[in-house]
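Morning, everyone. I have one structure to show today. Have a look at it first, and then I'll talk you through it.

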Amino acid sequence: MYFAGVDIGSTMTKVVLMDKSGNLLTTVKGPTGPEHRQLANEVMRQALEQASLQIDDISCIVATGYGRLNVPFADRQITELSCHARGVSSLFPNVRTAIDIGGQDAKCMKIDNGRLITFVMNDKCAAGTGRFLEMAATTLDIGLEDMGDISLKAIKKIQISNLCTIFAQQEVVALLSRGEKLDNILAGLHDALASRIAALARRLGIEPDLVITGGVAKNRGMVRAMRESLGCEIFVPEEPLLTGALGAAILAKEIYTKAVARGETLPAKSRQLEKATFFSSEHQ
Amino acid sequence: MSWFMGIDIGSAYSKGVIIKDQELVVSHIVISGANYRKSADAIRAELIKKVNLTQNDIVNTVATGFGADNVYFASRKASDIVCTARGVNNVFPQARTVIDVACQSTRVIRLSGEGKVVNFTVSEKCAGGSGRFVEVIANVLRINLSDFGPLAARSKTPITFNTGCAVFGESEAITRVSEGVPKEDIAAGVNKALANKISSLVKKLKLEEPCAICGGGALNIALVKTIESELNTTILVPAQPQFMTALGAAIIAITSAASE
């Protein structure tokens, strides 16, 4: 008996395969794919291959994330908020506040005993998401994965006065031409993003333990900036990208176990790894 | 002869005018660039050259805008809100509401019957609510800014953007292009999104008619039409919308020279 969680984010697709005891068999992260974003099935295929399983060996598959609505091989779709809450709680049982910072949104969740109580999110403005740093990395021509570490070398933080991502890029160019140092500028950029996200989280009220997930949590400079902005200890999972898929796999196991306990079986469907498309059919 | 000059150093473009008897005689616009002082000099040199004057013929100069401090030859600075109000009032004395669609923000100004500023509001510095959104998408569509309005005007089925953010909007436009959506529908979609933001700013201040529009955004005629239908009103568009603030500065130069 095996279970799968598939998290189709705007940039990355994540798959977690789990056995009936809840042990992780394999995890795969891959790009969701540009423009047409049809590579979700490819990531799933890789995960199955690594675990030497067939798609029909999986008892229940839960899809989550931005692209969850049209995953042909999934049994259920569950919002990323519920999946994140569940995934984070499995790693940090005392978590009360979770902040997920992705490439195109930021979500703050209040969690009690593994259940999502309430949340706030920003998907309206790039300035409060990982996109802010992505754009800065492009402007500064540095790797996204390097910018956090460079920011940690800063002696001072240069305050970025523009909130808007686009105008902040202009400001960064102006700062460079004025001779400001890259690490100091980066520290300012991290600080700007951290304080925006902290403001979002404060709307919810922050209670410890606080966990940060999402791709941005891999950035050490960002974790430090968040710690400073929020003024409290922050926990980061080893694999901050995977909590959504992990939660989805745990929920898949629960759904299956409950169905079996009721004497039901999940509709056995012959699954095919069709291409998962990003938009539902009405857009095509 | 009494010639007066107004210089408006914006974040993207610097504008200048020379007026005579409250009438706009000549105007000039340059990209602000990194050195505002140089831009101010360039504008002055070009303006006086165009009307065959010398620097000494200009009785007084007033500076305004984001970089007004750099206009070292101006006798004083004036607030851009007041200058915009003055400039538009000069062209359209009947206007009670002025919308200024600039590159970094949009401003809405309410005027009294005498053309005085009663109230105003400025949008957040958000690219999605300013002319910058148009620039970003024009770049995606690989069209000139001046072609944007006419192109958008041809659309019968504008797309609806899922976002008000110019950064997310850029990605969305790229996706739509790859899906084969016609350029004009994307351009019209941008105007729709922008008009929506601008209209809610106007409504926040309460629209009093007649309404006039200025700033670079006013050159995008399809945008003006979209705002008109959102607000259900007819909007007055000056012949040189980008120069209204500089014109206002020049008019203030007359009164400030008289009072000295």
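Before the helix pairs, one term. When I say axis, I mean a line fitted to C-alpha atoms, for helices over the stretch in contact, and the angles run from 0 to 180 degrees between N-to-C directions. Also keep in mind that this is a predicted model.

The axes of α3(A) and α5(A) come within 10 Å. They cross at roughly 35 degrees. The crossing of α3(A) past α5(A) is right-handed. Who makes the contact? From α3(A), we have Arg131(A), Phe132(A), Met135(A), Ala136(A), Thr139(A) and Leu140(A). From α5(A), we have Thr165(A), Gln169(A), Val172(A) and Val173(A). By class, that contact has six nonpolar, three polar and one charged residues.

Next, the chain-to-chain contact. How many residues of chain A are in contact with chain B? It's 14 residues of chain A, against 15 residues of chain B. On the side of chain A that touches chain B, the elements giving two or more residues are α3 (130–140) and α5 (165–177) of chain A. The largest share, four residues, comes from α5(A). By class, this side of chain A has seven nonpolar, four polar and three charged residues.

Let's step back to chain A as a whole. It has eight helices and nine strands. Its C-alpha atoms fill a box of roughly 70 × 40 × 35 Å, along the principal axes. As for burial, 50% of the 284 residues of chain A count as buried. On contacts, take those in chain A between residues at least 6 apart in sequence: 69% of them join residues at least 24 apart.

Last stop, chain B. Look at helix α2 (residues 80–91) and helix α8 (residues 244–258) of chain B. Their axes come within 6 Å and cross at roughly 90 degrees. So α2(B) is roughly perpendicular to α8(B). The α2(B) side of the contact includes Val82(B), Cys83(B), Arg86(B) and Asn90(B). Among its partners in α8(B) are Met244(B), Leu247(B), Gly248(B) and Ile251(B). By class, the contact of α2(B) with α8(B) has nine nonpolar, five polar and two charged residues.

That's my tour. Over to you.

Definitions and conventions: Residues numbered from 1 in each chain as written. Chains lettered and ligands numbered in written order. Predicted model: local features only at pLDDT ≥ 70, side-chain atom pairs only at ≥ 80, totals over all residues. Parallel < 35°, antiparallel > 145°, perpendicular 65-115°, else oblique. Contact = placed C-beta atoms within 7 Å. Nonpolar A, V, L, I, M, F, W, Y, C, P; charged D, E, K, R; others polar. Buried ≥ 20, exposed ≤ 12 C-beta atoms within 10 Å, placed from the backbone. Left-handed = near helix turned anticlockwise from the far one by under 90°.
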